[in-house]
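Visitor: Hi, could we look through this one together?
Guide: Happy to, here it comes.

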Amino acid sequence: MRSEPQRFQPGNGLRLTPCGRTRREFLWEAGGGFAGTALTFLLAQDGFFGKTLHAAPGKSPALDHGAPHFPPQARACIFLFMYGGPSQMDLWDPKPELNKRDGQPMPNLNADPLLKLRKNRLGGLMGTPFSFRKWGESGIEVSELFPHQAECVDEMAVFRGTYADSFAHGSGLLQMNTGFLRQGHPSLGSWVTYGLGSENRNLPAYVVMVDHRGGPISGPPNWSSGFMPASYQGTQLRSEGDPILFLKPQEGVTPAQQSHQLRLLSRLNRMRGSAGPENSELMARIASYELAFRMQQSAPEAVDLARESKATRRLYGLEDPETEKFGRKCLIARRLVERGVRFIQVYSGGGHGDDTWDAHGNVVKNHTLHCRQTDLPIAGLLKDLKSRGLLESTLVVWAGEFGRTPTSQRGKGRDHSPRGFTTWMAGGGIRGGQVIGATDDFGYEAVEDKVHVHDLHATILHLMGLDHELLTYFHGGREMSLTDVHGQVIRKALA
Amino acid sequence: MIKRGLATAGIAAACGLVYASEPEPRFDAQVRPLLNQYCLQCHGENLQMGDLDLRTVSSMEKGGSQGPALVKGKAAESLLYQRVADHSMPQGEEKLEPEEIRLLAAWIDAGAPSDPLPVQADLEPAAVHLPSHWSFRPIRKPPVPSVRNRQWVQNPVDAFILSRLEENGIRPAAPADPGTLVRRLALVLTGLPPAWQESSRLPEGPGDPAYTRLVDELLGAPQYGERWARHWLDVVRYAESNGYERDGTKPHAWRYRDYVIDAFNRDKPFDRFLTEQLAGDEIEGTDAESQIATTFLRLGTWDDEPAEERQDRYEQLDDVLGTASSTFLGLTLRCARCHDHKFEPFSQEDYYRSLAFFEPLKRPKNLLKPRADLDRMVGTPEELERYRVATMNLEIQMENLQAEKKKLSRKIFDRLLSEGNSNRDLSWAHHAETVMAFRTPEERRTDEQKSLIRKFEERMDREILAAATAEEAERLRRWERELAQAKAEAPAEPPRAYVWYEDTPYPAATRVLLRGDPATPGDEVHPLVPTILGRPDLLSRLGPIEPTLDTSGRRRWLARWMTHPENPLVARVMANRIWQWVFGEGLVATENDFGVAGDAPSHPRLLDYLASEFIDSGWSVKHLIRLLAGSSTFAQSSAWNPQAAGVDDNNRLHWRWQPRRLEAEAVRDSMLAVSGSLNHSMHGPSMFPRIPDSVLAGQSMPGLNWGEPDPEQNLRRSIYIFVKRSLAVPELELLDSPDTTSSCEQRRVSTTGPQALTFLNGDFAHEQARRLARRVMRATGEERDNQVRGAFRMGLSRGPSPEELEAALDFLRVQEAQIRQDLTGTETIPVIRERALQSFCLTLLNTNEFFYLN
């Protein structure tokens, strides 16, 4: 039996109960999520932790909170989510045998009970029309659909043996985001934020940018904090218009008026302060309004690309309408990393059908579109991060919720397949220029160095300084974790 | 048995547990299949030949026209045995095999034991040990302790609290001032601040009869049910959609919400409340209300496109079992799904035995619309039958009338066409094909003919009527009238509800799933409560599970066990929740976990006193609330006392009132109330507040299944907001509205920047501030002094202190100047003054005091 793991305790000397609740809970909650460090830091400056916290006098819980388990390789993570399920054999995983047997029936189709169920949707084997060639010093083969990312292969660990458990978008997305097929669990970004807190006083620690065509299936549960407090949930940031909900004051309300309001609010609140421990909670509310006020300046500034150079804008494809939408989000992601945001998720693909990577009808048409929209911006992001010295401390992850079948569907499309597909990581702590794992001759099932979604999660946490077995949260009678009882760090991938 | 004993031996020993053994042969596993195979076609649900129904033991004992079919313990005297033994039954070729007949005889001789056994009759009473964990031991009402400061004691609650305080040398806080106390009482009991009344005298405190009257008045207000139902909805993971990809709507789920509101308002005895939710379809006197209550079982998430069907089925059962065990028993039974519980004395077998209570629930599946959910008509069996018969009769009547009408029409039609020299102009129909179409019997018409008929039918009807003789026309008209009348008198359709039901008393076997994996089923198990709680004397008093005619009867048995006064958990768990909903935190601070790993109660004797009181009062929730709200403990101020804090810094001993943030719903409702906009209408389908487009953009189909916002409806209380699993109303979500995927026993409290933005810049808060400002002006006039006083009274139920008044007036002056300076237009002074007042009101609505229950 495994020895009882030491429970992760954010904050010093604070007790966690089921549902994570004590009367002082707010301290670490405020300290954990949204710009939490700011609150606890401000509060600590105000000196009231000394009064209400018995543990570790003189030490700020804000500093204790967010202590990783070991020195992190990556300070921040950008998760590029290719919603819909990109096709591995058309992008990252060349399969000569598949091309050779184009049109033939797939052997052993019945061996996989799940595939068998979908048999009536499957045609014969379908090779890829796209050519592959070797790139970089590492000579990793990449499809012609990704000419720009291909230039960055030496930064990437490419996981050709990734696999997941669901054939459906909804549960597949949930698994890639929360580790579970069922709704109700905290997302990866929530776990990271819970574990590490934020480095920015004025911005959310965990930001999600959805596609301009819509959100992913299931929507907000994909960035929910599940059974954790709301402060750990992802905040939707829009790349155009008002970046954050209710960021803009009502019509006619000026910053000057608002600062009068906040001064009055603070005055009234302080008159009714309490000597009890709830006072820190009350003070946190005061601080949260000050934070909101500052966010009104800092959030628009974070998404304002006006001062980016022409070269940078070109690097991300902002000059080309085709790449502009996704490019903006990638560039904003870099700006957020610079400003200390911990976890940023960017979706490519929104809504349904061919607005996503879900190429049931025509892989060539669908993937040509989505590749063209994302390839240059992603490469731009990697190059830009590198040239600014940020790549070594920023982990970039590229993944969809699953891959696609080697067999055809409706003639030119491919169906969902979680049995084997490709994902990659680059930057913070990753040894680039290597392929890890392989699928079978047809690119259907992962057969070598298989990497489950749980392993991806364990590795991401590891690179950010967190042990996936120790990062737990007590809920429903037991210690819950992102990887449940599974997951192994992909050692081969580490620098 | 032995295997199981070993598996949990460590835990069993720790808790002083003795296992029971199971007798044979077993009814559901062995006898029922025989009956099913040989007997029930003629003596079952559809047919009861000879008035005999063999579906349940009791119906066998009752027997048919030849007398009882079963004499317990005496196979030879039982007709059931005699008939199969002499092969006179079943009629037809297929007879029972000799070993099957022997089995039946053995079962009858063994006393015809009904369903698997909760009864562990063989157990030696001497061998029974009480479990050592406090919450598994029986509830005994403790004597009320004596205290020194007897005037402080309003009722026994105070005696228990004070005796602990005195033991620890702590003095309770002074009473809260009347204004604070009344606000507290109103918010706790109704979730709304007290209405502002200029002249009313405030009751002094619990000793004042006016205070008792106020408590009764608030408990009698319909808003009480709306407030307390919301607490319950948290615990039962209430939502109106299924979650997952499509997040489909659960039709009629709101009826359950209304059921809960009414149950609290009418103070439905909690044992009945529990029973209806678990088994309202199985109990005596089942009716629409009790069936609506079982929506409880179906409130969880479910996937309409599961990756794996069997896995999905067990996810759903786990959801029900998990919710029922945390809600009613305060147990984390769910953790024993894949292996024995790591902290609690529950084996994996315990889990699957408990699961077996729910196994008979059908996997909802509508073959026509595989992704749709099931909603059903509800009512007493008589009501449903009456409706069925009435609908059928109506159909027959309509068919007959239609047939008569058709026959006569046809006759006139034939006559019409044969009379070549008719004075009616039928040239339009004289096209040979049209005539042919009308002549062809309906079932033989081709598609073209059908379309011709559709085209000319109406006209033809008119012609026919015109060509009818007076007598024929009268007959046609009479039939028309009769048809119309029959339609008008059609019985009203009974209400529909969203329920998960059983449709056979013979459920499939439940098996232990090794590692929780449905692909690896292990031994079969039977419904039984967790072994540690299976007190043999109690189980034998409850007797066996009796199926009903079309359900297994398992859930109603479970409800009987739960609500038995000897059940150690149910009354404690609920009494603790009532305490929590009044004081903010339970005496057991882990309200959903009364297990070994849960927190110990701060006042175990008080908890047992309350639990006993609860049962003795007929499980009256209002009775307990009266006790708590009427105590000096409740009426304390929140003043901080360093000396007391030195002993008990967490206030676990209740030496003062513990302030806490209001729940999201109470904040929203309070804003609506103070702005004078709250729409008090109750019940009915949920409403859909306006959600900013940028929030909707996060969905894959923005706004799907989110109804049209309605300005009037949207001013109703928050409990009437549609609870959609994939889309939350920002005002509620940012204030930690509950996660609906599993039971939420305690709201979280987080404080964030976006929260502040929402109430500083959001449309909702601004609208309420605007309305509050208007309301203040209407009530107090133009004077700033009076306006500030009025805003304080309306917003915070109290007048301002002198320094608050000064701060407010300062603000209004500065803000007015600022607004004037910021404006470029030609706004008039009254407009500017009003805007400044709005700005003040918004600030007031954002104060800590407004958000906190003090």
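Guide: Let's start with a hairpin: β2(A) and β3(A) form one with four residues between them, and Gly136(A) in the turn has a positive phi of about 65°. Strands here are DSSP runs of E, at least two residues, and helices are runs of H or I, at least four, numbered from the N terminus. This is a predicted model, where local features need pLDDT of at least 70, side-chain atom pairs count only at pLDDT 80 or more, and totals for chains, interfaces and linings use all residues. Residues are numbered from 1 along each chain as its sequence is written, while chains are lettered from A and ligands numbered from 1 in the order in which they are written.

Visitor: How many bridges join β2 to β3 in chain A?
Guide: Four, between residues 132–135 and 140–143, and the strands run antiparallel. Strands pair if DSSP finds at least two bridges between them.

Visitor: And which residue is the bridge partner of Phe132(A)?
Guide: Ser143(A), in β3(A).

Visitor: Switching to helices, at what angle do α10 and α11 of chain A pack?
Guide: About 175°, with axes 10 Å apart (lines fitted to C-alpha atoms over the stretch in contact, angles running from 0 to 180 degrees between N-to-C directions). The two are therefore roughly antiparallel, the term for angles over 145 degrees.

Visitor: Which residues meet there?
Guide: Among them are Leu262(A) and Leu265(A) in α10(A), and Ile286(A) and Phe293(A) in α11(A). Contact needs C-beta atoms, placed from the backbone, within 7 Å.

Visitor: How many residues does each chain give to the contact of A and B?
Guide: Chain B gives 74 and chain A gives 80. On the chain B side, α32(B) has the largest share, nine residues.

Conventions. Contact = placed C-beta atoms within 7 Å. Parallel < 35°, antiparallel > 145°, perpendicular 65-115°, else oblique.
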